[in-house]
Structure formats: structure tokens, C-alpha cells
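This report covers the interface between two chains, then some local features of each chain. The model is shown below.

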Amino acid sequence: MAALSRETIANGVLALLLLVVPLLAAASGETFYITLATRIVILALAALGLNIALGLGGLVSFGHAAFFGLGGYVAGILATHAFNGEALLFGLPATTSMPVIWLVAVLLCGLVALPIGAISLRTSGVYFIMITLAFAQMIYYFAVSWPDYGGEDGLSLYVRNTFPGVNTAQPLPYFLICLAVLAAAACLFWLLRGSRFGAALEAARQNTTRLSAVGIAPFRIKLVAFVISAMVTGLAGALFADLNRFVSPSMLSWQMSGELIVLIILGGKGRLFGPIAGAMVYVLFEYALGGITERWQFFLGLVLLGVVLFARGGLLGLVAGRARHG
Amino acid sequence: MAEAILQLTDLRKNFGALKATDGVSLDLRAGEIHALIGPNGAGKSTLIHQISGSLTPDGGSIRFLGQDMAGLDMAVRARRGLGRSFQISSLAPEFTALRNVMLAVQARQGSSFRFFRSVGSDKSLTDPAMAMLARVGLENRASVPAAELSHGERRQLEVAIALALGPKAFLLDEPMAGLGPDGSKKLTGFLDALRHEAPILLVEHDMDAVFALADRISVLVYGRVIATGTVDEIRANPEVRRAYLGDTA
């Protein structure tokens, strides 16, 4: 393509903002803004994961908080055991190394998503929404009622987990780690969308009968997408736990699932930078209006209403115009 | 007599008390166009749905290339070589015409579980897809989203997708529906040549097209085949005239 599309330019601006603002904040010693930016990046990553299922596959999962929370609990539980010098189940060693924690979180979320997806994907529409919600609620109540890891009160991490060669306790290095993970996930999303798998998945969203009629079974395509989607969201959960040095059942709650959907709708579903734009607006609203009124979500609701009524492509769609499939 | 590619034997499907398919037996032989006609509500679409796998018959059998198709879903049947077009266009509306056909090419080549290589630059997908669009005369509309194509163009695209699957038999459900006289005429010429690639089971309301194309015609009324024969036999059959064509035909 000779000229850059408006969406590419918009994406470039968002990426630049996401990198430059925290660097400026670091230079001027305003570490609070770095933490704010880290929150944006992690929520964007969680929503980007959901965007694979929801945006590309049209699978409105109302239970992705399950994976977000599971990822968080993996980080929390491994770190707690390591801190207390206790082994895990079957004598496996605990660890505070982020790469290992991420791997465990991603694999566990994939394993959990497989049966949830296999059962949920036998339904569609409202039933799919409800059944994914039901699974997430089961995991939520399990976490609430399991006293070993804090139950309802949640679980604190004494120190942030470690990353080889990086001082993660500092806000800026931790932000950069999260940003790198988000960038990698965005590459994954971009590659997936353009691949044969992505073509089949997007066709499944638009018309499952068409997909079947050419000989591709929609179920398996959707299931794989659901699992990949859960893994990415789970990874975000592990990062989120480390950001707050705290995990609680609220990460597993249905409000969290709803929040992830809101981020996508706000930013633009199926778009590479949709979740990023959505997370920026969401966190900035929370910060800017949250200081003035506890009812800041009322105003977010108004914006969401506007987007749903007048800008179906989300805020990015408003800037970049309709998505085209070359 | 050529062997049957597709063989339906005593097929039955009820919706409550309604016998939508009532003991239908018919076959599709290599190199022929077998037209299925009948008044509205005769059960033509129900029959097509059972053959393609979106409805499960209550009784009877469907054999395709010598194999029983019972219990196989639509995707498996398509992979075995059953290429169908839909009565009401069933496309991926946001995809361009080209990408709609590329999906079929991709399916024919095998795995859709390839996650990294971009399809847009994959000549093994774009070239055959473009060739199929050219065959139906849509090559200039390749980059238009299916939703923005005209009704006639969507019908052509349906046929291009079915072609791209390289099927062993075509199930075409009213491919002429909603086409103008010109469009019908062009498509008639096209289907005429297509029968040598794979036989066609053609459901069609356009009688001119049916009489011009069909090697054999089966007439379906209230879920039963009341007659099967050549064009002349069907035209002359008094029962068919009464039930369907009307005495003036």
C-alpha cells in the first residue's frame, strides 16, 4: 500500500503516546503516571486477548475475567509459596521469576479454557454469553470460599516478582516489560488475523454456514481461538497481580468480564489497537473523573452509549473509518 | 448407464405431521444435470438441506461416491466433494469477493490451522481464487465486499465459491433466483458447460433454464417424487401437468 491508512496513522500515534508519556513522566519524577500507563497497558493486553474471541470470532465471552483472575492467582500463589519457602503441589518448586509465572499462567488458562470453550461453544448468542458467565462465576465463588489464599480478602504479594536483569520494583522498568509483552501480543493478533486461521475465524463470525459449506468445521476454529484468547488474557492477569502486588476475587468477577468487553466496544472491536484505545479512555476517565466524583462510570456510560449509537467501529472507527478486509 | 455419483434411497423427513420428504429416491449420474422442480412448499429445500447435511433425515439413506453420508456434518460432506450454493446467498458479507473465494480455496487445500503466514500475499490462494472469479465474470469486482455486490453478482459469487471447492458434485439451490433475463441466460450457458466437470443437482424455478439444461427432471410434490424423466417425458406427463405446470404449459 502506497499511502498509510488513517487507522495505521492513528495506531502509530497511540503507540507513540503509550511509550513517550511514561518516559516523560519518569524524566520528571512523576511515577504515578507511569503506574497509570502500566494499568492501561495491562488492561489493553487483557482486552486484546478477549478481542481474538470477541472481535475476530464474534464470540461474546462474558467470562474472560476467569482467565484474568486465574493468571493473577498463578502469580500470587507462586510468589507466596516462594516467599515462604514452601513447595507447591507434588513438591514442585515455587518461583518469583516472571517468565516462569507467565508460562504457568498461560498454560493453566489454556487448559481451563479448553473444556469451558468445548462446552460453551455448543451454544451461541445469548446462551454462549450466559454459559461463559456461569463458568467464570463458578471460579469466582471457588476463590471466595478457598481460605488458603485469602478467600474473599485476596492475597498480597510482598514484593513484585523478578525478571532476569531488570529491577521490577521500579515503575519504569516494569512498565517497559508490560509494554513489550503488549507489543508481542499485538504482533500475535496481527499475524493471526492475517493468516488462514484468521480468515476462517472471521468467516465464522460472519457466517458459520458459509464456513461449513466450504468444508471447514467452525467448532474447532472457534475453540482454538477461544483458548488462545484465554491465554493472552491470563497473561495480562499475571502482570496485573504484579502491578498491584495484590490478587483478589474481584479480578474474577463478572464486573471485570464486563469491563473487558467495554474496553473493546469503546476502542473498536476486531481492530488491532481497539483494546489499547479503549483502555486509554477507560483509565483516563477513571483517573480524571474518579477524582471529582465517585460516579465517574456514569460518564463512561454516556460515552459508551454514544459509541454504540453513533460509532459502531468504536473510537478508532470514528477516526479511521470502516474496517476493510483486503 | 453411468453410475450414480449421488444416490438417495427412500429418504424421509417429517416436521410434526407434515411429511416434508416422503420416501424420495433419486440419483445423480456423472456428466448430467438433474433438475429438481416442484411448486413452492414441495420440499425441495428440505431435500437439499438433508443432502448437504444441515438437516438429519428421519429415514432412508444418502450415498455419495459409494459412501453412506449418515452422521456426517456439513463440513465433512463439503470436504468429500459436495459443493453447494444457497437459495438465499450465504456469503461472508464483510469479506471481499476475492476473500470469499479464497476461503474455499484454503479449505480445499486442507488445513486452516496455519497461524502466521499472511493470506493476502499467498499466491497459492489468490491466484486460484482470481481464476474462479474470472470464470464467472466477476474478476473486476474482486475487491468489493460481498455485502456491496448486486444481487446477481452475489449469485455469481456463490457459484465461484462452489467451483473453487473442486467438487465431485454440485448442489445448486435456485442459482437463477432474482437474476434478470440476461443474467439467467449467461448462467444457463455457464452451467451447461459445467456438467462435464461435475454433475449438477439443480433446484430451479426458472423453467426456461430447466428445460434448456436438464438431462433429467424430477418433479417433487408434497414431499414425493411424482415423476422422473427427460425433458420431453416430463412435459408430456399428464400428472405433472396437472400438479405443477398447469394445463396450459
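Between chain B and chain A there are 3 salt bridges, a salt bridge being a side-chain nitrogen of Lys or Arg within 4 Å of a carboxyl oxygen of Asp or Glu. One of them joins the side chains of D122(B) and R196(A), at 3.1 Å from N to O.

On the side of chain B that touches chain A, the elements giving two or more residues are α2 (74–80), α3 (97–109), α4 (123–136) and α5 (151–164) of chain B. Of these, α3(B) has the largest share, 6 residues. Helices (H or I, at least four residues) and strands (E, at least two) are DSSP runs, numbered from the N terminus.

The model is predicted: local features need pLDDT of at least 70, side-chain atom pairs count only at pLDDT 80 or more, and totals for chains, interfaces and linings use all residues. Residues are numbered from 1 along each chain as its sequence is written, chains are lettered from A and ligands numbered from 1 in the order in which they are written, and side-chain values use heavy atoms, with hydrogens and water left out.

Totals for the interface are as follows.

| Quantity, chain B with chain A | Value |
|---|---|
| Residues of chain B in contact | 37 residues |
| Residues of chain A in contact | 31 residues |
| Buried area | about 3,000 Å² |
| Share of buried area from carbon and sulfur atoms | 59% |

Contact means heavy atoms within 4.5 Å. Buried area is the accessible area (1.4 Å probe) that two parts lose on being put together, summed over both.

Within chain B, S85(B) lies in strand β6 (residues 82–85). S85(B) counts as buried because its relative accessibility is 1%, where buried means under 20% relative accessible area, exposed over 50%, and partly exposed in between (1.4 Å probe, protein chains only). A polar atom of the S85(B) side chain is 3.4 Å from the backbone nitrogen of D173(B). Beyond neighbours within four places in sequence, S85(B) contacts E158(B), L171(B), L172(B) and D173(B).

Helix α1 (residues 44–52) of chain B is largely enclosed by the rest of the structure, because 7 of its 9 residues are buried. Among the buried residues are L47(B), I48(B) and I51(B). Just after α1(B), G53(B) takes a positive phi of about 105 degrees.

Definitions and conventions. A polar contact is a pair of N or O atoms within 3.5 Å; within protein, one must be able to donate a hydrogen and the other to accept it, and residues adjacent in sequence count only if both atoms are side-chain atoms.
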